[in-house]
Amino acid sequence: MTLSLKPEVAARLKQLFTHPNEHQNAPPGDRLKRLYEYYKSCRRCPLGTQGRSQVVFGEGCPTAPAIFIGEAPGREEDTLGRPFVGRSGRLLTGMMDGLGLTRDKIYIANTARCRPPENRQPLPQESSTCISLLLLREISAIKPRIICTLGATATNAFLDYSKSLSSIRGQIIQTEYFAIMPTYHPAYLLRNPPAKDTVIADFVRLIAFLDAK
Ligand code: URA
């Protein structure tokens, strides 16, 4: 099965990568700070007015070779204003630390930046607004070599695929701008601890990809 970027994502990336505006030559860290400042009170989708405490931006290295993307902030993320600091985040961080993928060396973010009420999944319109305004802009500032999508929501945001996540996870899919590797979400690993070995094997593959060039 050939996997490729969703047409709307490919079109937006082309716009961001090939039509630089006056900020595009600024250092990546400055571009990220500018984005955070601009969107810190964002209300462009319904999640902006449904009880979130704050917008939870991505965090990590502004020139990271790898970006990890989850679904949306949960309760602890909403309180602390940081991605992946709750139960699943602690599991993920521990697994990545063990492989040298420490959070200062990578960038970690979510498809939606505001906590959905009752921790429901973000709706497609909510995710797509956030992806277009924030995530793809962060990607165009950071210019990672690989993006690891954690779980079905993040994977669906980038790729058109008709099979299950389990049938495509661990594959490294090269696109025009970066590679994508889907794997399981850490919340799934909390429910299915044996699947941790599978995700560790996927992370080892991601590290080998980064080491290869
Ligand atoms: N915490 C996050 O920041 N994102 C998720 O997808 C899950 C927990």
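Reader: How many helices and strands are there in the chain?

Author: This is a predicted model. The chain has nine helices and six strands. Its radius of gyration is 16 Å, close to the 17 Å from the globule rule for 213 residues, so the chain is as compact as a globular protein of that length. The C-alpha trace spans about 40 × 40 × 35 Å along its principal axes.

Reader: What share of the residues count as buried?

Author: Of the 213 residues, 41% count as buried. As for contacts with a separation of 6 or more, 76% link residues 24 or more positions apart.

Reader: Which residues have the most contacts inside the largest nonpolar core?

Author: Start with the general idea. In soluble globular proteins, nonpolar side chains tend to be buried together. Here the largest nonpolar core has 49 residues. A66, I67, F68, I106 and C148 have the most contacts inside it. Several elements each supply at least two core residues, among them the strands β2 (66-70) and β4 (146-150) and the helices α4 (87-97) and α9 (196-211). Helix α5 gives the most, with eight residues.

Reader: Take I106. Which residues is I106 in contact with, leaving aside neighbours within four places in sequence?

Author: I106 is in contact with G60, C61, A64, A66, I67, F68 and L101.

Reader: Now the ligand. Which residues come nearest, and how is the shell made up by class?

Author: There are 13 residues around the ligand. G70, E71, E77, P83 and F84 come nearest. By class, the shell has five nonpolar, six polar and two charged residues.

Notes. Residues are numbered from 1 along each chain as its sequence is written. This is a predicted model: local features need pLDDT of at least 70, side-chain atom pairs count only at pLDDT 80 or more; totals for chains, interfaces and linings use all residues. A residue is near a molecule or strand if its C-beta atom, placed from the backbone, lies within 6 Å of it. Ala, Val, Leu, Ile, Met, Phe, Trp, Tyr, Cys and Pro count as nonpolar, Asp, Glu, Lys and Arg as charged, and the others, Gly among them, as polar. Helices (H or I, at least four residues) and strands (E, at least two) are DSSP runs, numbered from the N terminus. The radius of gyration is taken over C-alpha atoms; the globule rule is 2.2 Å times the number of residues to the power 0.38. A residue is buried if 20 or more other C-beta atoms lie within 10 Å of its own, exposed if 12 or fewer, and partly exposed in between; C-beta atoms are placed from the backbone. Two residues are in contact if their C-beta atoms, placed from the backbone, lie within 7 Å. A nonpolar core is a set of buried Ala, Val, Leu, Ile, Met, Phe, Trp, Tyr and Cys residues joined through C-beta atoms within 7 Å.
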